[in-house]
Amino acid sequence: MKSKFLLPMIALLSVADAGAAEISSPSGRVTVTTGVTEVGAPYYSVSLDGHRMIVNSPLGIVTDFADLSTGLSESNIHSERDRRTYTQDRIKRSRVEVDATRATVTYRSDDGRRLEMDWHVADDGVAFRYRVPRQGGRASMRVVEEKTGFNFPDSTRAFLTSQCDPMTGWKRSKPSYEEYYAVDVPVGTDSQYGHGYTFPALFHLQGDRWALVSETGVDGYYCASRLSDYADGGYTVAYPMEGENNSNGTVAPALAVPGTTPWRLIALGDSPAPIVETTLPWDLVEPLYSIDTPARHGKGTWSWILWQDASINYADQLKFIDLAADMGYDNVLVDAGWDRNIGEEKMLDLFDYARAKGVKPILWFSSSGSWNDIEQSPVNRMDRPIVRKQWMKWMQTNGVDAIKVDFFGGDKQETIRLYEDILSDAADHGIEVIFHGCTLPRGWERMYPNFVGAEAVLASENLVFSQEFCDKEALHATLHPFIRNAVASMEYGGTVLNHRLNRGNNGGSRRVTTDAFQLALAVLFQNPVQNFALAPNNLLDAPRQAIEFMREVPTVWDDTRFIEGYPGRYVVLARRNGDKWYIAGVSNLESPVTLDLDLSLYADGGPLTLISDSTLSLDERPVVEPDSRGHFKVTLEPRSGFVISHR
């Protein structure tokens with residue numbers, strides 16, 4: 001049930017000085033100060049508990065008909081309290097209570113130019129967007145530049161992912177948000193390729209304060225953005241590069257007037273907890289359409305991740321359908337090449353076999369079109385509406401209720417429209433959508449009811465491709481809960497129980513993390529549909545307890561809580577499904593760390609049991625015995641992990 005109350009909040013907004021105003025969160029913890037410079041350039045700053053988080057940073061946009069970044073004055077301010085509750089079944093919390101101040105600041109110039117800014121100010125962060133009203137008879141516009149900046153105090157540290165060169169990588173399919181992180185570096189560190197950084201970006205300020213910068217509400221009416229390289233004291237919002245999408249489509253987004261941009265958001269905290277737990281990306285958006293049946297979450301098997309291209313044949317797919325059925329899983333992902341190697345007619349037999357086993361197929365497609373050189377098939381079936389709708393109908397007729405669409409072309413408005421068009425056509429046919437080789441989802445779990453996940457991360461397939469990635473797996477796992485997975489679902493395809501990354505579990509890359517580490521990832525990495533990197537041999541060669549845990553672990557959560565950790569070092573989270581809590585931790589430290597966990601918050605669900613590398617060989621999971629304070633000590637070994645959960 002959803003309720004919404006917008007109440008006047010005059011006390012939360014005040015004039016700070018001539019030409020400047022303050023907008024505060026309902027409790028007063030977070031304050032935004034807005035104003036204009038001597039030349040009429042809008043700016044803002046943000047404080048948390050009186051500590052400056054964002055120092056004076058520029059605002060404004062430049063359109064094809066008016067410069068709305070200079071020569072302005074603040075002329076009107078309206079503020080209301082936004083209190084509402086919504087439910088969402090595919091993010092880190094199923095019931096979200098919003099309590100924020102919503103304000104609109106109006107800017108005018110002497111020659112009639114107008115710009116409005118919507119603000120959302122809550123205790124866990126702030127967000128803003130530009131609103132352009134009708135003026136001068138214009139009913140359409142292009143935004144050719146955005147002045148929005150993020151200036152941080154001196155000594156701030158950063159955790160960033162570089163934007164790569166366009167039309168590079170496998171078959172010229174980048175950018176796809178699959179680069180390594182710069183970890184705990186000074187602000188001002190140059191990006192790897194000279195194109196700035198992708199969203200989200202994490203910043204660590206003095207006093208153990210944190211800020212996570214991203215955007216949300218990006219749909220077909222705009223492009224996706226990124227951060228520029230550091231210049232003039234900060235980062236600015238940058239639009240896609242000309243070379244993206246094989247140079248097709250415009251860099252400058254176009255929209256109708258009146259119109260709004262997406263939200264720029266800054267999650268804030270005096271510890272990492274508000275960053276990890278934030279719901280800002282979804283608080284700011286609403287569903288764009290409805291579907292007849294709620295999106296289906298669940299677990300699945302996936303032959304390609306370990307057995308690779310050669311496994312996309314009828315016999316091997318039967319093995320992974322059997323594995324899914326044995327594990328009690330919901331689906332099997334049939335990856336690239338099914339149309340050539342199995343054939344459309346034989347696929348109908350595969351569907352019948354899966355249906356008899358209670359397993360639903362997910363089919364892989366290329367996004368196709370003119371923006372890369374991908375040869376993996378099926379191609380040319382998702383890029384245009386006529387053919388796409390024919391295939392959606394074919395899948396609906398034959399019981400396929402989810403697809404994985406791969407290899408997109410960048411962040412231009414043209415590409416964002418393709419994502420939206422695929423989702424919309426799929427929704428009309430009762431089909432859910434996972435994206436790979438793609439952009440960061442920006443509020444899409446709430447905006448698109450049949451969206452069930454996206455990669456947009458250097459994911460598990462790289463374990464097979466590179467020993468270097470295996471060696472860095474623990475580093476990445478201790479970053480994602482704070483950064484990438486904090487703002488959107490992340491279809492990583494993890495939890496590998498093979499020790500060697502090949503079909504026979506006897507060659508290829510070597511996994512350097514432990515089994516308990518891999519089990520913890522099933523809790524730490526959040527995505528409503530998880531296709532785990534399990535193989536049929538794991539039923540015989542993996543610890544029995546590991547298989548039992550992978551049968552029971554859920555993929556959707558009613559609550560998420562940060563317990564402790566530091567990005568790139570270690571992390572411990574608690575997630576709840578129904579009345580069952582799962583507390584998981586992994587480490588990238590070079591030496592053991594002993595944690596004193598307060599388990600009193602999770603005691604109501606009954607006895608808790610422990611999974612660690614030392615307990616996986618036991619017949620049963622040992623019961624956790626907290627001390628008189630409700631605390632329990634657990635030691636995290638390097639590249640190891642643990643899970644504490646209710647029976």
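Trainee: Which residue in β29 is the bridge partner of Phe 435?

Mentor: The bridge partner of Phe 435 in β29 is Ala 454. This is a predicted model, in which local features need pLDDT of at least 70 and side-chain atom pairs count only at pLDDT 80 or more, while totals for chains, interfaces and linings use all residues. Residues are numbered from 1 along each chain as its sequence is written, and side-chain values use heavy atoms, with hydrogens and water left out.

Trainee: What makes β28 and β29 a pair of strands?

Mentor: Strands (DSSP runs of E, at least two residues) pair if DSSP finds at least two bridges between them. Two bridges join β28, residues 432-435, to β29, and the two strands run parallel, so the pair meets the requirement.

Trainee: In what order do the strands of the open sheet stand, and why is one side of β29 and of β30 left without a neighbour?

Mentor: The seven strands follow the order β29-β28-β27-β26-β25-β24-β30, with parallel pairing. Because β29 (451-454) and β30 (529-531) stand at the edges with a single partner strand each, one side of each has no neighbour in the sheet. From one strand to the next the twist averages 25°.

Trainee: Which helix lies across β28 and β29, and at what angle to β28 does it run?

Mentor: Helix α8 (residues 413-428; a helix is a DSSP run of H or I, at least four residues) lies across β27 (402-406), β28 and β29, and runs at about 155° to β28. Such an angle is taken between N-to-C directions on a scale from 0 to 180 degrees, with axes fitted to C-alpha atoms.

Trainee: Why is Ser 225 called buried?

Mentor: Buried means under 20% relative accessible area, with exposed over 50% and partly exposed in between, using a 1.4 Å probe and protein chains only. Ser 225 has 2% relative accessibility and therefore counts as buried. Ser 225 is found in the loop between β18 (209-216) and β19 (226-227). Not counting residues up to four places away in sequence, the residues it touches (heavy atoms within 4.5 Å) include Tyr 177, Phe 199, Glu 215 and Arg 442.
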